[in-house]
Amino acid sequence: MRRTKPVRTAPVADPAAASAAPAARPGRAPRAPFMLLVIGLLCGGLVSLLLLNTVLAQDSYKVNELRSANDQLRQKKEELKNANMRLEMPGALSDSSAKQGQGPDWDEANVITPDRSADSRAASDGQMPAGQERVPGTGR
(Lines give C-alpha, C1' and ligand atoms only; values in the text may rest on other atoms or scores of the structure.)
Protein backbone atom coordinates (compact mmCIF):
# COMPACT_ATOMS: atom_id res chain seq x y z
CA MET A 1 0.00 0.00 0.00
CA ARG A 2 1.26 3.44 -0.94
CA ARG A 3 1.06 6.44 1.14
CA THR A 4 1.18 9.91 -0.34
CA LYS A 5 1.90 13.02 1.54
CA PRO A 6 -0.88 15.45 1.92
CA VAL A 7 -0.69 18.48 -0.37
CA ARG A 8 -0.36 21.75 1.44
CA THR A 9 -2.07 24.70 -0.03
CA ALA A 10 -1.26 28.25 0.92
CA PRO A 11 -4.14 30.35 2.05
CA VAL A 12 -5.25 32.70 -0.71
CA ALA A 13 -6.40 36.14 0.31
CA ASP A 14 -8.43 36.79 -2.83
CA PRO A 15 -9.64 33.66 -4.62
CA ALA A 16 -10.68 35.63 -7.73
CA ALA A 17 -7.16 37.08 -8.23
CA ALA A 18 -5.56 33.64 -7.89
CA SER A 19 -7.65 32.13 -10.64
CA ALA A 20 -7.12 35.10 -13.05
CA ALA A 21 -3.28 35.11 -13.01
CA PRO A 22 -1.61 32.02 -14.49
CA ALA A 23 0.93 30.38 -12.28
CA ALA A 24 4.55 30.99 -13.43
CA ARG A 25 6.71 27.95 -13.94
CA PRO A 26 9.54 28.13 -11.48
CA GLY A 27 13.16 27.47 -12.74
CA ARG A 28 12.44 27.69 -16.45
CA ALA A 29 13.68 30.64 -18.56
CA PRO A 30 11.84 31.70 -21.72
CA ARG A 31 13.29 30.10 -24.89
CA ALA A 32 12.52 32.73 -27.53
CA PRO A 33 15.19 35.34 -26.59
CA PHE A 34 17.88 32.65 -26.32
CA MET A 35 16.97 31.18 -29.73
CA LEU A 36 17.01 34.65 -31.30
CA LEU A 37 20.47 35.26 -29.80
CA VAL A 38 21.82 31.97 -31.18
CA ILE A 39 20.33 32.56 -34.63
CA GLY A 40 21.66 36.14 -34.66
CA LEU A 41 25.17 34.95 -33.78
CA LEU A 42 25.06 32.28 -36.48
CA CYS A 43 23.89 34.78 -39.10
CA GLY A 44 26.56 37.29 -38.04
CA GLY A 45 29.26 34.62 -38.32
CA LEU A 46 28.02 33.61 -41.76
CA VAL A 47 28.04 37.20 -43.02
CA SER A 48 31.54 37.81 -41.65
CA LEU A 49 32.82 34.63 -43.33
CA LEU A 50 31.29 35.73 -46.64
CA LEU A 51 32.95 39.14 -46.37
CA LEU A 52 36.30 37.56 -45.51
CA ASN A 53 36.00 35.22 -48.49
CA THR A 54 35.23 38.16 -50.78
CA VAL A 55 38.26 40.13 -49.57
CA LEU A 56 40.52 37.11 -50.06
CA ALA A 57 39.16 36.56 -53.57
CA GLN A 58 39.94 40.19 -54.47
CA ASP A 59 43.48 39.78 -53.17
CA SER A 60 43.96 36.61 -55.21
CA TYR A 61 42.97 38.50 -58.38
CA LYS A 62 45.54 41.18 -57.54
CA VAL A 63 48.18 38.52 -56.90
CA ASN A 64 47.45 36.91 -60.27
CA GLU A 65 47.69 40.26 -62.07
CA LEU A 66 50.98 41.11 -60.35
CA ARG A 67 52.37 37.66 -61.10
CA SER A 68 51.55 37.97 -64.81
CA ALA A 69 53.06 41.50 -64.91
CA ASN A 70 56.19 40.15 -63.22
CA ASP A 71 56.44 37.35 -65.80
CA GLN A 72 56.14 39.86 -68.64
CA LEU A 73 58.87 42.05 -67.14
CA ARG A 74 61.13 39.02 -66.67
CA GLN A 75 60.60 38.05 -70.32
CA LYS A 76 61.35 41.61 -71.49
CA LYS A 77 64.53 41.63 -69.38
CA GLU A 78 65.69 38.40 -71.02
CA GLU A 79 64.95 39.80 -74.48
CA LEU A 80 66.95 42.97 -73.73
CA LYS A 81 69.80 40.92 -72.29
CA ASN A 82 69.90 38.76 -75.44
CA ALA A 83 69.79 41.82 -77.69
CA ASN A 84 72.67 43.38 -75.73
CA MET A 85 74.71 40.19 -75.98
CA ARG A 86 74.12 40.11 -79.76
CA LEU A 87 75.38 43.71 -80.03
CA GLU A 88 78.56 42.81 -78.10
CA MET A 89 79.48 39.94 -80.44
CA PRO A 90 82.56 40.52 -82.65
CA GLY A 91 80.61 40.63 -85.91
CA ALA A 92 78.17 43.22 -84.57
CA LEU A 93 81.01 45.29 -83.12
CA SER A 94 82.80 45.22 -86.47
CA ASP A 95 79.69 46.36 -88.32
CA SER A 96 79.05 49.10 -85.77
CA SER A 97 82.61 50.41 -85.97
CA ALA A 98 82.48 50.37 -89.79
CA LYS A 99 79.29 52.47 -89.69
CA GLN A 100 81.10 54.99 -87.48
CA GLY A 101 84.04 55.21 -89.86
CA GLN A 102 86.44 53.23 -87.71
CA GLY A 103 88.49 50.32 -88.89
CA PRO A 104 91.30 48.03 -87.79
CA ASP A 105 94.82 49.42 -87.58
CA TRP A 106 96.78 47.07 -89.83
CA ASP A 107 99.93 49.24 -89.83
CA GLU A 108 101.10 48.46 -86.31
CA ALA A 109 100.23 45.31 -84.44
CA ASN A 110 100.84 45.27 -80.70
CA VAL A 111 100.71 41.67 -79.64
CA ILE A 112 100.99 40.96 -75.96
CA THR A 113 102.78 37.71 -75.11
CA PRO A 114 104.08 36.55 -71.73
CA ASP A 115 107.59 35.61 -72.99
CA ARG A 116 108.38 39.03 -74.62
CA SER A 117 109.39 37.63 -77.97
CA ALA A 118 110.76 39.81 -80.82
CA ASP A 119 107.69 41.78 -81.95
CA SER A 120 105.80 41.82 -78.69
CA ARG A 121 105.59 43.90 -75.56
CA ALA A 122 104.59 43.21 -72.00
CA ALA A 123 101.27 44.46 -70.79
CA SER A 124 102.96 46.86 -68.39
CA ASP A 125 105.61 48.35 -70.70
CA GLY A 126 105.63 52.13 -70.43
CA GLN A 127 103.15 52.22 -67.55
CA MET A 128 103.63 53.30 -63.97
CA PRO A 129 102.36 51.06 -61.17
CA ALA A 130 98.96 52.01 -59.81
CA GLY A 131 99.14 54.80 -57.24
CA GLN A 132 102.58 56.05 -58.43
CA GLU A 133 101.47 58.16 -61.40
CA ARG A 134 102.87 61.67 -61.74
CA VAL A 135 100.59 64.37 -60.39
CA PRO A 136 100.90 67.62 -62.38
CA GLY A 137 101.95 70.65 -60.35
CA THR A 138 103.39 68.71 -57.41
CA GLY A 139 106.85 67.90 -58.76
CA ARG A 140 106.56 64.26 -57.92
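How many helices and strands are there in the chain? Good morning, everyone. The chain has 3 helices and 2 strands, and starting at the N terminus the order is α-α-α-β-β. Please keep in mind, as we go, that this is a predicted model.

Let me begin with the whole chain. Of its 140 residues, buried ones make up 2%. The accessible surface comes to about 14000 Å², and carbon and sulfur atoms account for 59% of that area.

Now to helix H2, which covers residues 32–87. UniProt, in an unreviewed entry, lists residues 34–56 as "transmembrane region". What does the model show for residues 34–56? That span is 100% helix and 0% strand, with its end C-alpha atoms 33 Å apart.

Which residues make the nonpolar surface patch of about 710 Å²? They are Phe-34, Met-35, Leu-37, Val-38, Ile-39, Leu-41 and Leu-42. Let me pick out one of them, Ile-39, which is found in helix H2. Ile-39 has a relative accessible area of 45%, and because that value falls between the 20% and 50% cut-offs, Ile-39 counts as partly exposed.

As a reminder, side chains of opposite charge can pair when their charged atoms come close. The structure holds 1 salt bridge. Asp-71 pairs with Arg-74 in a salt bridge, and the closest N and O atoms are 3.1 Å apart. Where do these two residues, Asp-71 and Arg-74, lie? Both are in helix H2, 3 residues apart, which is about one turn of the helix.

And how accessible are the two partners? Asp-71 is partly exposed, at 40% relative accessible area. Arg-74 is also classed as partly exposed, with 47% relative accessibility.

Notes: Residues are numbered from 1 along each chain as its sequence is written. This is a predicted model: local features need pLDDT of at least 70, side-chain atom pairs count only at pLDDT 80 or more; totals for chains, interfaces and linings use all residues. Side-chain values use heavy atoms; hydrogens and water are left out. Patches are made of residues with over 30% relative accessible area and no salt bridge: like charges are joined within 9 Å, nonpolar side chains (Val, Leu, Ile, Met, Phe, Trp, Tyr) within 5 Å. Accessible areas come from the Shrake-Rupley method with a 1.4 Å probe; for residues, only the protein chains shown count as cover. A salt bridge is a side-chain nitrogen of Lys or Arg within 4 Å of a carboxyl oxygen of Asp or Glu. Helices (H or I, at least four residues) and strands (E, at least two) are DSSP runs, numbered from the N terminus. Buried means under 20% relative accessible area, exposed over 50%, partly exposed in between (1.4 Å probe, protein chains only). UniProt positions are given in the numbering used here, feature names are shortened, and annotations may be inferred rather than shown by experiment.
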